[in-house]
Amino acid sequence: MSRLEHVNFTVADPKATAQMLVDLFYWHVRWEGEALDGGYSVHVGTEDAYVAVYTGPGGAQNQIPPENNYLQRGGLNHIGIVVDDLDATEAKVKAKGFETHSHADYEPGRRFYFKDATGIEFEVVAYD
């Protein structure tokens with residue numbers, strides 16, 4: 001058996017991104033501190049899985065990803081997160097100032113997407 005333990009991605013401000021994830025998804029910070037190449041990383045998630053949000057020394061130097069990540073080889077397309085209450089989560093996402101889009105009902109659930117301040121896209125899903 002295998003399972004996904006974590007995903008690591010670069011953001012402009014790992015503390016701010018981690019706090020957003022805590023606020024929206026009821027996760028907690030598992031670890032934070034100095035990281036690879038003089039950068040800083042925050043691991044945020046559950047006991048079983050997490051996302052590592054990283055920035056290099058002096059912050060992230062690259063620009064926001066292109067509008068269509070799916071056309072960028074090796075690009076991060078989106079991060080999917082399952083929630084119990086899609087409507088309540090969407091209200092929290094909107095309250096933080098993020099625009100939601102691509103709503104869909106499909107078997108066996110519903111979903112929407114949003115991009116955070118760094119340009120990372122999240123797919124939020126609730127299964128019936």
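Reader: I take it that helices (H or I, at least four residues) and strands (E, at least two) are DSSP runs numbered from the N terminus, but what makes two strands pair?

Author: Two strands pair if DSSP finds at least two bridges between them. The model is a predicted one, in which local features need pLDDT of at least 70 and side-chain atom pairs count only at pLDDT 80 or more, while totals for chains, interfaces and linings use all residues. Residues are numbered from 1 along each chain as its sequence is written, and side-chain values use heavy atoms, with hydrogens and water left out.

Reader: Which other strand is joined to strand 8?

Author: Strand 5 (residues 79-82) is joined to strand 8 by four bridges, and these two run parallel. Val124 turns up here as well, as the bridge partner of Ile81.

Reader: Is strand 8 mostly buried or exposed?

Author: Six of its seven residues are buried (under 20% relative accessible area, with over 50% called exposed and the range in between partly exposed, using a 1.4 Å probe and protein chains only). Strand 8 is therefore largely enclosed by the rest of the structure.

Reader: And what lies on the strand 6 side of strand 7?

Author: Strand 6 (residues 100-106) and strand 7 (residues 109-115) run antiparallel and are joined by five bridges, with a hairpin of two residues leading from strand 6 to strand 7. Pro108 sits in that loop, and a cis peptide bond with an omega of about 15° links Glu107 to Pro108.

Reader: Which residues make up the aromatic cluster?

Author: The cluster consists of Phe98, Phe112, Phe114 and Phe122. Rings of Phe, Tyr and Trp (its six-membered ring) pair if their centres lie within 6.5 Å, planes under 30 degrees apart being stacked, over 60 edge-to-face and the rest tilted. That rule gives four aromatic pairs. One of them is Phe112 with Phe114, a tilted pair at 6.5 Å centre to centre and 35° between the planes, and both residues are buried.

Reader: Changing topic, what is the strand order in the four-stranded open sheet?

Author: The order is 1-4-3-2, with mixed pairing. Strand 1 (6-10) and strand 2 (28-35) are at the edges with a single partner strand each, so one side of each has no neighbour in the sheet. Strand 2 runs antiparallel to strand 3 (residues 39-45), joined by seven bridges, and Glu32 stands opposite Val42 there. Helix 1 (residues 14-25) packs on the sheet and touches strand 2, strand 3 and strand 4 (50-55), where contact means heavy atoms within 4.5 Å.

Reader: Where is Asp37?

Author: Asp37 lies in the loop between strand 2 and strand 3. Its phi is near 60°, a positive value in a residue other than glycine, and at 59% relative accessibility Asp37 counts as exposed.

Methods
Axes are lines fitted to C-alpha atoms, for helices over the stretch in contact, and angles run from 0 to 180 degrees between N-to-C directions.
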